[in-house]
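Subject: Structure for your review

Dear colleague,

Please find the structure below, together with its sequence. My findings follow it, arranged from the overall fold down to individual residues.

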Amino acid sequence: MLWTPRIRLVTVLCSIVFVIGTAVQNYVIIDLDLIEASMRLKGADTADAPSYLSALRLVGNVFIVGNALGLLVWFRWRPLFWPVLAVNVGQAFGVFVVPFEVHRAAIDEHGWAGVLPSLVTDGGALILAIVLIVAYVRSRRLTRTGGPVRL
């Protein structure tokens, strides 16, 4: 994949937004009270809330680091394409993987601002993943001369 200036800029800007949004979600929105509230909404025992919070934060930290990796795209490192794509595809599934009760508890506790970082990062990651896949496919098409098409 050729990192064209436009694709590089979009990827870096999205990565900045995703790092900030994931950090806000991970350390400001998600806390023990919110996890306990979401477990009560689901009808589950709240005794496991601290371990669930730790697991959720661990996953959030992985996505923070993965999105920070997207910042290095600015330097045109070709091997970054697949890891950056994988992180964004993984983050796009966040809306489906995180139980609905967590989002409901976040809305109850913080209003719509409680789910906004998650919607921006997960929805934005889906859009960026699609953009990267389309750019990859377009860069692999052959022109009449047999070379790849630059975006």
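Ser139 counts as buried, because its relative accessibility is 3%, and the cut-off for a buried residue is under 20%. Ser139 belongs to helix 7, which spans residues 116–140. A polar atom of the Ser139 side chain lies 2.8 Å from the backbone oxygen of Tyr136. Please bear in mind throughout that this is a predicted model.

Overall fold

The protein contains seven helices and zero strands. Read from the N terminus, the order of elements is α-α-α-α-α-α-α. Along the principal axes, the C-alpha atoms fill a box of roughly 65 × 25 × 25 Å. Of the 151 residues in the protein, 37% are buried. As for contacts between residues at least 6 apart in sequence, 75% of them join residues at least 24 apart.

Nonpolar cores

The largest nonpolar core comprises 15 residues. Within this core, the residues with the most contacts are Trp3, Ile7, Val73, Phe81, Val84, Leu85 and Leu132. Helix 1 (5–29), helix 4 (81–92) and helix 7 are the elements that give two or more residues to this core. Helix 7 supplies the largest share, five residues. Another core lies apart from it and has 13 residues, including Met39, Leu53, Val102 and Val115. As general background, nonpolar side chains tend to be buried together in soluble globular proteins.

Helix packing

Two helix pairs, both involving helix 3, may be of interest for your work on geometry.

The axes of helix 1 and helix 3 (residues 49–69) are 8 Å apart, and the two helices pack at an angle of about 165°. Helix 1 is therefore roughly antiparallel to helix 3, since angles over 145 degrees count as such. The crossing of helix 1 past helix 3 is left-handed. On the helix 1 side, the contact is made by Ser15, Phe18, Val19, Thr22, Ala23, Asn26 and Tyr27. Helix 3 contributes Leu56, Arg57, Gly60, Asn61, Phe63, Ile64, Asn67 and Ala68 to this contact.

Helix 3 and helix 4 have axes that come within 9 Å and cross at roughly 140°. Helix 3 is thus oblique to helix 4. Helix 3 also passes helix 4 in a left-handed crossing. From helix 3, Phe63, Gly66, Asn67 and Leu69 meet Pro83, Val84, Val87, Asn88, Gly90 and Gln91 of helix 4.

Asn88

His103

His103 is placed in helix 6 (residues 100–110). With a relative accessible area of 15%, His103 is buried. Leaving aside neighbours within four places in sequence, His103 is in contact with Val95, Val98, Val115 and Ser118. Val115 is also among the residues of the 13-residue core. From C-alpha to C-alpha, His103 and Asn61 are 19 Å apart in space, and they are 42 residues apart in sequence.

Is Arg76 buried or exposed? Arg76 is exposed, because its relative accessible area is 54% and the cut-off for an exposed residue is over 50%. Arg76 lies in the loop between helix 3 and helix 4. Although Arg76 is not a glycine, it has a positive phi of about 60°.

Ala37 is found in helix 2 (residues 32–42). Its relative accessible area of 23% makes Ala37 partly exposed. Ala37 and Pro99 are 62 residues apart along the chain, with their C-alpha atoms separated by 12 Å.

In brief, the model is built from seven helices, with a largest nonpolar core of 15 residues and another of 13 residues apart from it.

Yours sincerely

Notes. Residues numbered from 1 in each chain as written. Predicted model: local features only at pLDDT ≥ 70, side-chain atom pairs only at ≥ 80, totals over all residues. Heavy atoms only, no water. Helix = DSSP H or I, 4+ residues; strand = E, 2+ residues; numbered from the N terminus. Buried < 20%, exposed > 50% of the residue type's maximum accessible area, 1.4 Å probe, protein only. Polar contact = N/O pair within 3.5 Å; in protein donor to acceptor, adjacent residues only side chain to side chain. Core = buried A, V, L, I, M, F, W, Y, C linked by side-chain atoms within 4.5 Å. Axes fitted to C-alpha atoms, helices over the stretch in contact; angles between N-to-C directions. Parallel < 35°, antiparallel > 145°, perpendicular 65-115°, else oblique. Left-handed = near helix turned anticlockwise from the far one by under 90°. Contact = heavy atoms within 4.5 Å.
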